[in-house]
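Please open the model in your viewer and keep the selection tool to hand. The stops below go from the divisions of the chain down to single residues and back out again.

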Amino acid sequence: MEVVHVKSKPPSRALKRKHPRAHALPVPKRAKRAALDELPWHSVARPSEAGLDEYGDVLELEEVDGVDVVYETQGDNKVARFEIADGRQKAKSPVVADDSDVEDSPEQLPEPFVTTFDTQTLLPEWASFSLHPQLAATLHQQNFKSPTAIQARALPVASAGRDVIGVAETGSGKTLAYGLPILHHLLTTPRPAKAKGRRPVRALVLAPTRELALQVCNHLKACLADPIKKEDEEEETKGKKIPVKPPAVSVAPIVGGMSAQKQRRVLDRGVDVLVATPGRLWDILSQDDTLATQIKQLNFLVLDEADRMIQAGHFAELDNILKLTVRMDVPEEDPRDQLGDAATKSALPKNEHMQTFVFSATLSKDLQRNLKKRSKFKKAHKTSTLDDLLLRLDFRDSDPEIIDLSPEGGVVSTLQESKIECLVTDKDAYLYYFLLRYPGRTLVFLSAIDGIRRLAPLFELLQLKSFVLHSELQQKQRLKTLDRFKAESRCVLLATDIAARGLDVPSVDHVIHYQLPRSADTYVHRNGRTARARADGFALMLCAPDERRTLRALMGALGRTESELPELNVEHDILDKLRERIALARKIDGMQHRVKKENHERKWMKEAADALGVDVDSDVMSASEDEDDEERGAQKSRRKKRKVQEGALKAELKALLAQPVMARGVSAKYITSGSRPIAHDMLTGDAHDAMLGVKKADARSEVVHRKKKVKPKAEAKVEEEWSGVEDE
Ligand SMILES: Nc1ncnc2c1ncn2[C@@H]1O[C@H](COP(=O)(O)OP(=O)(O)OP(=O)(O)O)[C@@H](O)[C@H]1O
């Protein structure tokens with residue numbers, strides 16, 4: 001793991017709190033330097049996974065009010081230098097152009113990295129779209145030989161200035177379907193004049209989750225990068241190494257969980273394309289009237305995964321942001337009133353030229369039709385459903401183009417779906433079986449964080465490489481987890497539905513629904529993490545008897561029947577052997593959990609007692625100094641016994657894990673005989689590493705289409721209660 005060294009302060013509440021006079025007092029220069037030197041500086045190492053922004057700044061570095069951060073490269077390290085801000089002068093990154101207050105003349109664009117490119121010869125299938133050479137060159141560099149279907153349909157319409165509602169399967173390249181026309185326009189049109197010394201934001205992309213926003217941001221940045229130079233390459237200027245020049249169009253994320261001050265500083269430098277989650281954007285907008293004014297003058301507004309945005313609990317923020325983009329009068333509840341600046345309410349020229357793009361893999365046909373009916377706008381003003389929200393969009397186009405390429409039944413053609421019907425208590429065993437049988441990069445969706453917390457230690461004991469992703473993790477941890485998952489070709493990610501939308505992890509081999517999703521849309525989006533960009537993928541549902549009704553409803557909502565879902569073939573004798581391992585792992589986990597809980601309770605009790613200055617009863621406070629020797633001795637020996645037991649169980653599990661599981665009829669001694677001779681497979685390399693007697697296989701080829709049973713009429717009534725896999 002590459003490590004970036006930065007100078008930083010230890011976290012301190014006192015330092016982070018804004019001093020009311022931080023900017024007001026003139027501080028002599030020498031005193032400033034002395035004050036800085038006296039701060040308790042120390043070096044910290046941070047993983048580079050979360051990335052540096054386009055100026056080479058560390059994205060999430062916590063900042064202190066009144067202290068500016070200036071970045072320098074020293075050898076292989078990036079070092080952050082801190083300077084006390086004097087209130088008059090803004091901190092400037094060494095590579096950022098001067099932000100002088102030129103108000104009236106349109107700004108010249110910085111030169112793009114690529115100004116000529118032979119698209120006709122090198123990318124003939126993109127030639128008809130006449131993209132800016134910078135974009136064509138980076139498409140070529142990324143080996144995107146031809147546009148995907150949604151790109152081919154959306155590009156000409158969007159480039160002609162029309163509004164677009166795009167619906168296409170997961171992983172079909174929707175980001176570039178709206179991204180390329182926006183970037184092309186920005187690369188070919190002069191920037192409008194600066195307002196209040198700041199470059200105007202020209203495009204706003206709203207996304208429901210932080211990870212998706214960051215991903216979209218990176219995807220767009222990749223199209224603006226220098227296709228020849230490596231990302232981290234630096235140039236030598238006046239003996240000082242500085243990062244390469246910034247791209248012609250700047251793209252920046254505004255998302256929660258990262259330093260808001262840093263994001264405000266990026267906005268101050270000027271951003272062309274903002275990719276934001278509604279919550280953080282609205283936080284910033286509420287204090288930044290210049291930005292609010294800019295949002296009203298946007299060239300492009302994009303809602304990516306619009307249908308998810310209201311589910312994410314940001315309805316109010318999204319609604320307020322959208323209100324800033326409408327031309328129509330919104331007499332009641334004008335969000336600008338909350339911004340409290342008369343300037344923002346002043347009569348700006350109505351923005352007639354904004355293009356609106358709405359993209360998702362799941363927008364119902366009804367909704368698409370309704371989106372066109374602008375007359376409903378006012379009626380829908382007070383309710384809060386997705387339909388109403390989208391109907392509040394002020395399409396400048398009287399007839400937005402609807403491009404619906406969503407597949408029949410919500411299934412991507414390269415995806416193989418399947419199910420296993422099993423008891424709830426057996427799900428762990430089936431999951432473990434699948435992970436061993438079909439190694440690869442697997443994403444397991446669970447409906448609650450508790451389930452993830454239960455499975456993760458179990459998998460650790462079973463020596464499965466696994467990571468977890470859920471909303472209670474810090475943002476840095478979430479990004480780190482995703483990077484690790486991307487880096488490992490054989491691993492498991494246990495995740496809640498925060499990972500269901502938009503995440504583009506290349507080559508996810510399998511998606512497993514440990515619990516069934518709550519809606520058909522979530523099913524489609526979860527599945528969409530595999531089978532992306534025309535690659536093959538596999539999805540498996542673990543369906544318990546009490547989930548059958550949900551399954552039926554789910555399939556019904558997709559216009560399909562449950563019987564269309566094939567079952568995954570399972571070697572039951574191997575499964576039985578794996579149950580043994582699971583039982584052992586659960587036992588060890590239970591013991592470890594009990595010890596941890598006891599220790600935690602004891603510690604808590606001691607701390608609480610110390611804080612109150614009281615003594616705790618010896619039978620409550622085991623192992624305390626107050627206990628008599630006899631009791632303490634008994635406690636000690638009980639703990640020792642438990643440790644020995646745990647050690648023995650661990651050794652037993654370790655021995656089991658060291659052996660491959662053997663299918664029935666396999667003899668490890670006589671590998672050329674028995675009902676399953678394995679010698680041939682071993683010689684050809686087809687033998688499974690962890691399961692003796694079965695061949696390596698792709699899960700896609702192991703599904704079984706069962707014929708629908710025709711039940712006699714009299715039995716049909718009792719069909720409702722299904723009693724598990726044993727009865728099948
Ligand atoms: N023309 C292309 N040729 C090949 N790959 C492409 C092309 N366009 C985009 N991709 C790649 O396809 C993958 C999926 O793209 P993207 O994330 O935009 O899909 P999406 O339709 O937005 O998916 P979702 O609905 O899940 O959000 C990305 O890795 C992207 O780099």
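Two residues are in contact here if their C-beta atoms, placed from the backbone, lie within 7 Å. Please bear in mind throughout that this is a predicted model.

Begin by selecting Leu 183, which in this sense is in contact with Leu 135, Leu 220, Cys 223, Leu 224 and Val 249, once its neighbours within four places in sequence are left aside. Leu 183 also belongs to the largest nonpolar core, a set of 141 residues, in which Leu 183, Leu 204, Leu 206, Val 273 and Val 275 touch the most other members.

Next, select residues 124-152, for which an unreviewed UniProt entry lists a short sequence motif, the Q motif. The chain over residues 124-152 is 45% helix and 0% strand, and the C-alpha atoms at its ends are 13 Å apart.

Move on to helix α8, residues 260-269, and show the side chains of Gln 263, Val 266 and Leu 267, which are the buried residues of this helix. If you look down the axis of α8, these buried residues fall within an arc of 100°, so they line one face of the helix. Among the elements that cover them are β9 (251-254), α9 (278-285) and α10 (289-296).

Finally, colour domain 2 (415-570) and domain 3 (662-709) separately. Their centres, taken over C-alpha atoms, are separated by 25 Å, and 13 residues of domain 2 are in contact with 10 residues of domain 3. On the domain 2 side, β14 (415-421), α17 (427-437) and β20 (567-568) are the elements that each give two or more residues, and by class this side has five nonpolar, five polar and three charged residues.

Key
Residues numbered from 1 in each chain as written. Predicted model: local features only at pLDDT ≥ 70, side-chain atom pairs only at ≥ 80, totals over all residues. Buried ≥ 20, exposed ≤ 12 C-beta atoms within 10 Å, placed from the backbone. Helix = DSSP H or I, 4+ residues; strand = E, 2+ residues; numbered from the N terminus. Arc of directions from axis to C-beta. UniProt positions renumbered as here; feature names shortened; annotations may be inferred. Core = buried A, V, L, I, M, F, W, Y, C linked by C-beta atoms within 7 Å. Domains from an automatic or database assignment. Nonpolar A, V, L, I, M, F, W, Y, C, P; charged D, E, K, R; others polar.
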